Amino acid sequence: MTPKTKNKKISAIKGTKDILPQEARKWQRVESVARRIFELYGYREIRTPIFEATEVFEKGTGQTTDIVIKEMYTFTDKGGRSLTLRPEYTPSVVRAIIENRLYLQPQPQRFYFMGPMFRYDKPQKGRYRQFHQIDIEVFGEKDPAIDAEIVEMAARLFKELNVVDVKLLVNSVGCRKCRPPYLEALRRKASEYSGQLCADCQRKIVTNPLRIFDCKVELCNEISRGFPNIIDYLCPDCKEHFSRFCSHLDLYGIKYTIEPRLVRGLDYYTKTTFEFVSSKLGAQDAVLGGGRYDDMMKAFGGPEICGIGFAMGLERFISVVPFEEEKEDFLYLAHMGDKAKKTGMELARFLRQNGIECLIEYKERSLKNQISRANKLGAKWVLIVGEEEVERGRYQLKNMDTGLQEDITKEEMPGILLA
Ligand code: ATP
Ligand code: MG
């Protein structure tokens, strides 16, 4: 400890937070529902390292994005390499696919992933420096039916967790062919307003004018509403893809709004983009964002395989999930005296082996005290193990909800407790 930090309170880093047990229960619930749904659609989990060579994200996320320009946690390790804590998942997955030659396996391939991401964002409600995403990716499927399928899968996740008040926005950002002429038109128009745009947007006119639509400054937003729409510039292929995507959504009965300004924050998107926003979230209202990235694998030096995916922000999502309060369902084992403590330890092991959650505490306490602790902790059952019970081989089982007490043997316990 250096003298400077000696008396300073140690606390979590700004923009990070602890997920305490009660809150963690909600996370587990969301994660397990997501896992189950994704597996039903044929997705398999992929886990990649938390840090990568910095160039993975420079290449994958894009040099002109907010993430690469200002939000990356980049550091030099002891070997002088530039490393970055992952700010998003897709580049890592693409790197892993190429490195492990997964593209040699039958396509399409579907992956999912859950874990922490790191961005040097300005900490505020809904915006953290370590946050978590649930992410899915599909590689090798060109058909717009997959675009609709992943949206439908996201909608299923919302439905199963009773999330309402979400709205789906969709758009197409074109492709290598139709985007350049659009960008030119956009650049021309934006230049007319250059003086009124924020410094960031003035830079974007040159580097990537699409990003202007992403600006959070109100005046820039207002001005850019009058800019040309990409939808009017799509080539026949992109136009067809978009209209089929929309008609598949209609087939599923999924409502959406076409939002021509939805360009999303990353450089690699082609064709479909979409976002789910929640009216319950305030300023940071995007819960889930996704889109197609047909050129990304190639740009990474891999084969020409198209991709599509989405990422959901878990902090934001969990804050809009209405959770029912779950009642605890465990047994508190109360024991009195040395002999009973030993029998209690054995009984606790037996119960746990049989899939019954059992809490035993080792400090000497009176029966009354133990029952009151069981109450406070929310136990559903109390098993009373005293000297007399040990002698008889019969124990008192108390149901804390009804107050009823039964006299039972060890062998009878699983049958009663698991009923
Ligand atoms: P925003 O416009 O809010 O900055 P983004 O375009 O940077 O979002 P994506 O890269 O698409 O976000 O990430 C997908 C999702 O991850 C977002 O919709 C959001 O729910 C969540 N997310 C992104 N950045 C943060 C953050 N700093 N803190 C918490 N959640 C975040
Ligand atoms: Mg962002």
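**View 1. Lys271 and its backbone angle in strand E9.** Lys271 sits in strand E9 (residues 270–278); helices (H or I, at least four residues) and strands (E, at least two) are DSSP runs, numbered from the N terminus. Lys271 isn't a glycine, yet it has a positive phi of about 50°. A word on the model behind all these views: it is predicted, local features need pLDDT of at least 70, side-chain atom pairs count only at pLDDT 80 or more, and totals for chains, interfaces and linings use all residues. Residues are numbered from 1 along each chain as its sequence is written, chains are lettered from A and ligands numbered from 1 in the order in which they are written, and side-chain values use heavy atoms, with hydrogens and water left out.

**View 2. The loop between H4 and E5, with Arg101 and Pro108.** Arg101 lies in this loop and has a positive phi of about 50°, again without being a glycine. Pro108 is found in the loop between H4 and E5 too. The peptide bond leading from Gln107 into Pro108 is cis, with omega near 5°.

**View 3. Ligand 1 and its shell.** Ligand 1 has 15 residues around it, and Arg119, Asp121, Tyr128, Arg264 and Ala286 are the closest; a residue counts as near if one of its heavy atoms lies within 4 Å. By type, the shell splits into 6 nonpolar, 3 polar and 6 charged residues. Here Ala, Val, Leu, Ile, Met, Phe, Trp, Tyr, Cys and Pro are nonpolar, Asp, Glu, Lys and Arg are charged, and the others, Gly among them, are polar.

**View 4. Polar atoms around ligand 1.** Polar contacts here are pairs of N or O atoms within 3.5 Å. Asp121 puts a polar side-chain atom 2.9 Å from a nitrogen of ligand 1, while Arg127 has one 2.9 Å from a ligand oxygen. Ala286 uses its backbone instead: a polar atom there is 2.8 Å from an oxygen of ligand 1. On its own the ligand exposes 590 Å², and the protein buries 90% of that (Shrake-Rupley areas, 1.4 Å probe). Strands E6 (130–139), E10 (286–292) and E11 (307–313) are the elements giving two or more residues to the shell.

**View 5. The open sheet E2-E4-E3.** Three strands line up in that order with antiparallel pairing; two strands pair if DSSP finds at least two bridges between them. Strand E2 (51–53) and strand E3 (73–76) are at the edges with a single partner strand each, so one side of each has no neighbour in the sheet. From one strand to the next, the twist averages 35°, taken between lines fitted to C-alpha atoms, with angles from 0 to 180 degrees between N-to-C directions. E2 and strand E4 (residues 82–85) are joined by 3 bridges, and Phe51 has Leu85 as its bridge partner in E4.

**View 6. Tyr89 stacked on Phe113.** This aromatic pair has its centres 3.4 Å apart and 10° between the planes. Rings of Phe, Tyr and Trp (its six-membered ring) pair if their centres lie within 6.5 Å; planes under 30 degrees apart are stacked, over 60 edge-to-face, and the rest tilted. Tyr89 comes from the loop between E4 and helix H4 (90–99) and Phe113 from strand E5 (residues 109–118), 24 residues apart.

Notes. Polar contact = N/O pair within 3.5 Å; in protein donor to acceptor, adjacent residues only side chain to side chain.
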